[in-house]
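Good morning, and thank you for joining this group meeting.

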Amino acid sequence: DPNEDTEWNEILRDFGILPPKEEPKDETEEMVLRLQKEAEGKEQKVTNFFFVCLLFLVKPYERMNLKELKEAEDDFDEADRKAVEMYRQQRLQEWRCLQRRQRYGELREICGEQYVNEVTNAPEDVWVIIHLYRSSIPMCLLVNEHLSQLARKFPEAKFVKAIVNSCIQNYHDTCLPTILVYKTGEIKGKFIGVAECGGIYLKVEELEWKLAEIGAIETDLEENPKKETINMMTLSMQNTSARESTNTKSTDVLKPHIT
């Protein structure tokens, strides 16, 4: 028996003929380790169960939709009822905002026949920005490009464009581009001609600021992007004026005094 504890077996083990003798396992130690692992597993399960219960006990209405909240009203006490009502109103407001934001999101082309329905009769809570343009005018194409970007950035506002001849006959090119801003069927702002629209070097941020000043959109710009350009122009004019003044004084010094 190779497992027998004899002198001969010890000699055979020393020469490597028999494998080393297996030490008897400490059953007590094994049992302790097993129980410890089981305890750790149970503790983790209890912890997980506790957190699951906590999720259901703390503000359970936050896990429900509007229909479930309505059905579960009888199970809440007075404090929960108030919280449920507040939460329902919050969810309704979020839903309305989401619906409003998903309503638009692009610069749409309309014609004169659609003007009343699309612009004047738009929902009262919607700002409408319409661009009257002519495709042969480069500035109009630039404004259309900028409005397309702003329509994607501010999908809660309605951006439309229309060829001016389909809306107004014999409209002068000098008045283009024309941007009209409507709310509740009334014109709240207008930019007529190249200068009022921002000039031939108009940037999309500048147009965004103009619309935000009227209230049509809520911009995340902190200051007027045109401000820096205006300040630089003012500084340039001041420097030019100062140079002219200096040159005048220098010329006066060199003038002969006639007596």
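The chain contains ten helices and five strands. Please keep in mind that what is shown here is a predicted model. Of the 259 residues in the chain, 29% are buried. As for contacts between residues at least 6 apart in sequence, 58% of them join residues at least 24 apart.

Let me turn to helix α6, which covers residues 138-153. Its 16 residues reach 23 Å from the first C-alpha to the last, close to the 22 Å expected at 1.5 Å a residue. Which residues of α6 are buried? They are Met139, Cys140, Val143, Asn144, His146, Leu147, Leu150 and Ala151. These buried residues pack against several elements, including strands β1, β2, β3 and β4, and also against helices α8 and α9.

Strand β4, residues 178-183, leads us to a hairpin. It pairs with strand β5, residues 186-192, in the antiparallel sense over six bridges. Within this pairing, isoleucine 179 has phenylalanine 191 in β5 as its bridge partner. Two residues lie between the strands of the hairpin, and threonine 184 takes a positive phi near 50°.

I now come to the charged side chains. The model has eight salt bridges. In one of them, glutamate 118 meets lysine 158, with the closest N and O atoms 2.7 Å apart. Glutamate 118 belongs to helix α5 and lysine 158 to strand β3, so this pair ties together parts that are 40 residues apart in sequence. Both residues, glutamate 118 and lysine 158, are buried.

Another salt bridge joins arginine 134 and aspartate 173, whose closest N and O atoms are 2.8 Å apart. Arginine 134 sits in the loop between β2 and α6, and aspartate 173 in the loop between α7 and β4, 39 residues apart.

Aspartate 220 is exposed, with a relative accessible area of 56%, while lysine 153 is partly exposed at 38%.

Finally, salt bridges with shared partners join Arg108, Glu118 and Lys158 into one network. Thank you for your attention.

Methods
Residues numbered from 1 in each chain as written. Predicted model: local features only at pLDDT ≥ 70, side-chain atom pairs only at ≥ 80, totals over all residues. Heavy atoms only, no water. Pairing = 2+ DSSP bridges. Helix = DSSP H or I, 4+ residues; strand = E, 2+ residues; numbered from the N terminus. Buried < 20%, exposed > 50% of the residue type's maximum accessible area, 1.4 Å probe, protein only. Contact = heavy atoms within 4.5 Å. Expected span 1.5 Å × (residues − 1). Salt bridge = Lys/Arg side-chain N within 4 Å of Asp/Glu carboxyl O.
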